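Subject: Structure handover

Hi,

Here is the structure we spoke about. Please load it before you read on.

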Amino acid sequence: MERQAVQRAKEAFMGGRTRPLEFRLQQLRALQTMITEKETEISTAVKQDLNRSQYDTPLLELIGIENEIQLAIEKLAEWAAPRPVEKNLLTISDEVYIQPEPLGVVLIIGAWNYPWALTLLPLVGAIAAGNAAVVKPSELSEYSSLLLRALLPRYLDKDLYPVATGGVSETQELLKQRFDHIFYTGSSTVGKLVMEAAAHHLTPVTLELGGKSPCYIDKNCDIRIACRRITWGKFVNCGQTCIAPDYILCEPCIQGRVVECIRQTLLEFYGADPKCSPDYGRIINQHHFNRVLGLMEGYTPVVGGQNDASQCYIAPTVLKDVPPHSRLMQEEIFGPLLPIVTVSDMDDAIRFINEREKPLALYIFCTDKKATKRMIEETTSGGVTVNDVLMHYTLSSLPFGGVGHSGMGYYHGKHSFDQLSHQRACLVRSLGMERVNLARYPPQDRRRARRVRMALKTPLIDMSKRTLVWAIAATIIGLGLLITLLVILLIAAGLNCTCWYWRGFYNYF
Amino acid sequence: MDTQSQVVDKLRSAFRSGVTIPEQFRRTQLTKLMSMIKDNEEQFLNALHKDLSKPKFEAIVSEIDIVINELHYAIANLKSWMQPEYVSKSLATKLDDCFVQREPLGVVLIIAPWNYPLHLLILPMVGAIAAGNCVIIKPSEISAATDGLIAELVPKYLSQDCYAVVRGGAEETKALLQNRFDHIFYTGSQTVARSILQAASVHLTPVTLELGGKSPCIIYGRIDVTAAAYRLIWAKFFNAGQSCVAPDYVLCSPATRDALLPVLRNTLEDFYGKEPQKCPDLSRIVSHRHWTRLMELLRRSSGKIIVGGESDEEDKYIAPTVVVDVAEDDALMQEEIFGPILPILTVDSLEKGIDFINRREKPLALYVFSDESSVVDTVLQNTSSGGFCSNDGIVYMTLPGLPFGGVGASGWGSYHGHWGFETFSHRRACMLRGWALERLNGLRYPPYTDKKLSWLRWTTSAKSGCSLM
C-alpha cells in the first residue's frame with residue numbers, strides 16, 4: 001500500500017503540478033488553515049500522547065509551524081527566483097545564475113516528542129520547494145499519528161502528500177523504496193540505519209539527531225536567573241526535547257546554590273506536587289519510562305525522584321556530583337533527570353565537552369563576554385544559546401541542525417527551502433560572438449592559450465593593493481583634470497561676462 | 001612509514017590543537033599550495049602528459065589555471081567567508097546577538113579520480129583548507145605519474161601535521177574508509193559511491209559525491225550549425241571525452257542531424273587534422289582497460305560509424321568518432337561513455353527529446369544548442385540536471401560563483417568557490433542573550449495562562465520584528 005502511495009506521489013510530481021508557485025502557496029495556506037481550524041483536536045491528541053498541557057502544544061509546536069508557513073508564503077517568490085552570480089570575462093555577456101529546483105519525492109520521518117512540529121516543519125520546506133512528500137509520523141505518538149493521517153488528505157493534495165503510518169517494519173519497507181531526499185528526525189542509532197538504507201539508492205539525507213547537550217554555568221553569573229531558564233528548558237515536555245540541556249557542568253562551590261535555585265523554580269512552576277500540575281508532562285511510554293528510571297539506578301537524587309509507573313510519571317529530578325562514567329552520562333537522557341557534573345573551571349568544562357561526541361546544542365551561562373567567546377571558539381556543537389536555553393531553535397533565520405553524531409543538514413525558514421531544493425547552476429549563452437571563442441580551439445599555440453587564460457581568469461577585477469592604488473590615483477587625477485577644465489570654462493565664461501559688462505558700462509558713460 | 005590509522009590520528013591531534021583555525025594559517029597554506037603548483041608547473045604538465053597524453057593547452061587550462069584561479073579566489077575571500085553572518089531577528093530576540101559561525105569539521109578525506117587528477121584533487125582541497133580542516137587526499141592510482149608527483153610535493157610545501165597524502169588502489173581505499181572522518185569528498189563512479197556511502201553511514205559522516213552519468217546534448221530549432229559544431233566538438237573531445245561533464249550523446253531531429261554531420265566532419269579535421277593520431281592536441285585513453293571497454297562498446301553498438309573509428313591499442317588511441325542510427329537500447333546508451341565516441345540519436349520533436357531525457361537518471365550536465373530562446377527555456381524548465389549550459393559545453397564549471405555538483409544519481413552536494421568553503425564547514429547557529437528582560441521570559445514559564453500565550457504568539461512571530469523596529 002505504501003509502495004502505491006509513493007508511486008502515486010512520484011507520478012503526481014512528474015505531472016508538474018507542484019511547479020507553479022501559486023499551487024505551492026495554495027497548499028501552504030491550506031496547511032495553515034488545518035492548524036488553525038484543528039488546534040483543539042491537535043492539542044487533545046498530544047495530551048493523550050504525552051500529557052502535554054493545552055498551552056504547551058501551541059507554544060512549543062503550533063506557533064512555530066504557523067510562523068514557518070507565514071514566512072514561506074511571504075518569501076516564496078524570492079526564494080524560488082533565479083539567483084545571479086559573478087561572471088568571468090568569457091561569460092560577461094551571458095546569463096549566469098543558480099536556479100533552485102524541486103528534488104522530487106521527499107520522505108519525512110518524524111519523531112514522537114514533538115509529533116507535529118517535527119513532521120510539519122520539514123513538510124513546509126518540502127512544499128515550498130515544489131516537492132511531493134511522503135510523511136511518516138512516529139507510531140509512538142499514536143494519537144497524533146492517526147490524527148495527522150486523517151487530517152492531511154482533507155486539506156492538502158491527496159496524491160502529492162500521503163501519510164504513511166506503521167512501526168519499525170513498515171518504516172524499513174518504506175526505506176527500501178527510492179526517494180529523492182530523506183529527512184529523518186530521531187536517534188543517532190536509527191539515523192545510521194536510515195543513511196545506510198539511503199546509500200543503496202544514493203539518496204541524500206538530512207539527519208536531525210541528538211546527543212547530550214551540555215549546559216555550563218559559570219560561577220560568577222546570576223545563578224538564580226540561569227537556573228530559572230535552565231529549569232524551564234529542561235523540564236518542558238518532561239525533558240523529552242532533543243535540545244534540552246542534558247546535564248549541567250559547574251564548579252563545586254556553586255553546586256549547592258544551583259540545586260537550591262532549581263528547587264525554588266520547580267516549586268514556582270509546578271507547585272509542591274508536579275504530578276498534580278496540569279502543566280507537567282509524562283513519559284511517552286513504559287519502555288522509555290523504564291529506560292529513564294534505570295539511568296539513575298544507584299544514585300540518590302537531591303530533588304525529586306518520585307515516580308508512578310501507572311502514569312509514566314517521573315518527577316523533575318536533580319542529581320549532584322554525578323561521576324562522568326555513570327550510566328546517566330553515557331546516553332542522551334531524554335527525560336526529567338538533570339545530573340550535575342562538577343568541573344574545576346571553564347577550561348576543564350571545555351575539555352570535558354570536547355572529549356565527547358559533538359552535541360546538538362551547547363548552553364553557556366556566563367557574564368564575561370570574552371570567556372564566553374573563548375568557550376564558543378574552543379568547542380563545537382549544532383547550535384549555541386548563551387545565557388538561555390532552546391531559544392536558537394525559535395529564530396528561523398538561523399540554520400537548525402547538528403554536526404557529527406548530532407546530525408547533518410539544516411532547516412528552518414529559508415534553510416528548509418534550500419535543503420529540499422537542488423541548486424542548479426545555469427549558464428545561458430548565445431551562439432553569437434564565436435570569434436571570441438576561437439582562441440580555445442585546437443590547433444593550439446601560445447598566443448591563443450594566453451587569450452583563453454585571460455578570458456577564464458577570476459576574479460574579473462584584480463583586487464590586489466597595487467591595482468587599488470592605481471585606481472584611486474587615476475580617479476584623483478581624473479577628477480583633478482575635470483575640475484581644472486571646469487574652472488577654466490567658468491573663468492572664460494566669467495571673462496566674457498565681465499567684458500560685456502564693462503563694455504556696456506563704458507558705453508553708458 | 002605510518003599506517004593509515006596513524007595518519008588519521010596524527011591529523012586529528014593536530015586539528016584538536018587548534019592550529020588550523022587562525023586565518024593566517026589557512027592563508028599561508030593556500031599560498032604554499034599555489035606555490036607548489038606554480039613552481040612545478042612543468043613537472044605537472046609532464047606527469048599529465050605521461051598519464052593521459054594530455055596536450056599542454058588542455059592541461060594548462062583545465063588543470064593548472066583552474067586551480068590557481070580557485071586559490072586566488074579563496075585567498076581573496078577567506079576573511080569575509082570566516083566572518084560571522086548576522087541574521088534578521090524576531091521581536092523576542094531583538095536585543096540578542098544572533099549569527100551563524102562557520103566552523104571546520106575536523107579531518108576530511110578527499111578521493112580523486114584519474115581524468116583530471118590535479119584539478120579534481122586540489123580544487124576540493126582548497127575549500128577544505130580554507131574552511132580550517134585537516135585534509136587527507138587520496139589521488140587516483142590509475143593516473144600514476146600525477147599520483148607520485150603529488151605524494152612527493154605536498155609534504156614539501158604543506159604542513160605535514162595537518163595534510164597527508166595516502167596512496168593505493170581499491171583495497172587500500174577500502175581500509176582507509178574504515179577510519180572515522182568528519183567529511184568524505186568523493187569524485188568518481190556511482191558503484192564506488194554506494195560503498196563509500198555505506199562506510200560513511202557507520203560513523204554518520206556527511207559526504208559530497210561528485211558522480212557522473214550520461215549528459216545529454218539537445219540540438220534543436222534554428223541554429224548556427226558551424227558555431228554549434230565547434231563548441232560541441234571542443235567540449236566532447238576535450239581530454240578525449242574523459243570528462244564527467246562532456247556531452248555524452250546528442251539528441252536532434254533528422255534534418256538537424258543531416259545538416260550537422262558534414263560540419264562535424266569538417267570541424268574535426270580543422271581541430272585535429274587528417275590524421276588525429278599524429279595531432280599533439282588530442283589526448284589518449286588513460287589505460288588499456290578503459291581502451292578495451294570503449295572498443296567493446298563500439299563493437300557491440302548497432303549504430304553506423306560515419307567519422308573516425310580508427311584505433312591503436314598500444315598507443316591507447318581511439319580516433320574522434322561519431323556514430324549515427326543509434327537506438328535507445330544501444331550498447332552506447334547503457335553506460336556513461338567517457339571516451340571520444342559521440343552517438344547521435346534522432347527524435348521527432350522537442351517534447352519527445354525532453355521525455356527521453358526525463359526517462360533516464362538525472363545527469364550531471366545538460367546541454368542545449370539553439371538560437372531560439374524558447375527552446376532553451378522549455379528544456380530548462382522541464383528537465384533537471386546538476387548543471388545546465390546552453391550553446392556551449394563544460395565552461396559553466398569555470399565560474400566560481402556557480403555551485404558545481406550533481407543531483408539524484410549524478411551526485412550529492414557541490415563545491416567551487418564559496419560553495420567549497422560551505423561544504424567543508426559546519427554552520428553553527430549562535431544566539432547570545434542577555435540577563436535583562438527576565439520578566440519578558442516569564443511569559444513562557446508555567447503556570448500557563450491564555451494571556452501569556454497570546455503575548456508569546458505576538459513576540460515570536462517573524463512579522464512582529466519589522467513593523468516596530
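Below is what was found, starting with conventions and confidence.

This is a predicted model, in which local features need pLDDT of at least 70, side-chain atom pairs count only at pLDDT 80 or more, and totals for chains, interfaces and linings use all residues. Residues are numbered from 1 along each chain as its sequence is written, chains are lettered from A and ligands numbered from 1 in the order in which they are written, and side-chain values use heavy atoms, with hydrogens and water left out.

Confidence. The predictor gives the complex an ipTM of 0.95 and a pTM of 0.93. Residues 464-469 of chain B fall below 50. Beyond near neighbours in sequence, that stretch has 9 contacts in the model (contact means heavy atoms within 4.5 Å). Where pLDDT is low, the predicted coordinates should not be read in detail.

Interface. 109 residues of chain A are in contact with 108 residues of chain B. The buried area between the two chains is about 9,200 Å² (accessible area, 1.4 Å probe, that two parts lose on being put together, summed over both). Carbon and sulfur atoms give 59% of this area. There are 10 salt bridges between chain A and chain B (a side-chain nitrogen of Lys or Arg within 4 Å of a carboxyl oxygen of Asp or Glu). A salt bridge joins the side chains of B:E438 and A:R229, at 2.7 Å from N to O. On the chain A side that touches chain B, helix α4 (residues 56-80) gives the most, with 8 residues. Helices (H or I, at least four residues) and strands (E, at least two) are DSSP runs, numbered from the N terminus.

Annotations. UniProt positions are given in the numbering used here, feature names are shortened, and annotations may be inferred rather than shown by experiment. From an unreviewed entry, UniProt lists "domain: Aldehyde dehydrogenase" for residues 4-423 of chain A. Over that span the chain is 43% helix and 15% strand, with its end C-alpha atoms 29 Å apart. An unreviewed UniProt entry also gives "transmembrane region" for residues 468-493 of chain A. That span is 100% helix and 0% strand, and its end C-alpha atoms lie 37 Å apart.

In chain A, the unreviewed UniProt annotation "active site" covers A:E208 and A:C242. They span 35 residues in sequence, yet no two of their C-alpha atoms are more than 9.0 Å apart, so they gather at one spot. A:E208 is in strand β6 (residues 205-208) of chain A. For chain B, the unreviewed UniProt entry lists B:E210 and B:C244 as "active site". These too cluster in space, with a largest C-alpha distance of 9.0 Å. B:E210 sits in strand β7 (residues 207-210) of chain B.

Backbone geometry. Most residues other than glycine have a negative phi, and most peptide bonds are trans. The bond from A:P442 to A:P443 is cis, with omega near -5 degrees. A:P443 lies in the loop between α15 (434-437) and α16 (446-456) of chain A. The bond from B:P446 to B:P447 is cis, with omega near -10 degrees. A:H412 has a positive phi, near 95 degrees. A:H412 is in the loop between β15 (407-408) and α14 (414-419) of chain A.

Best wishes

Definitions and conventions. pLDDT is the predictor's confidence in each residue, from 0 to 100.
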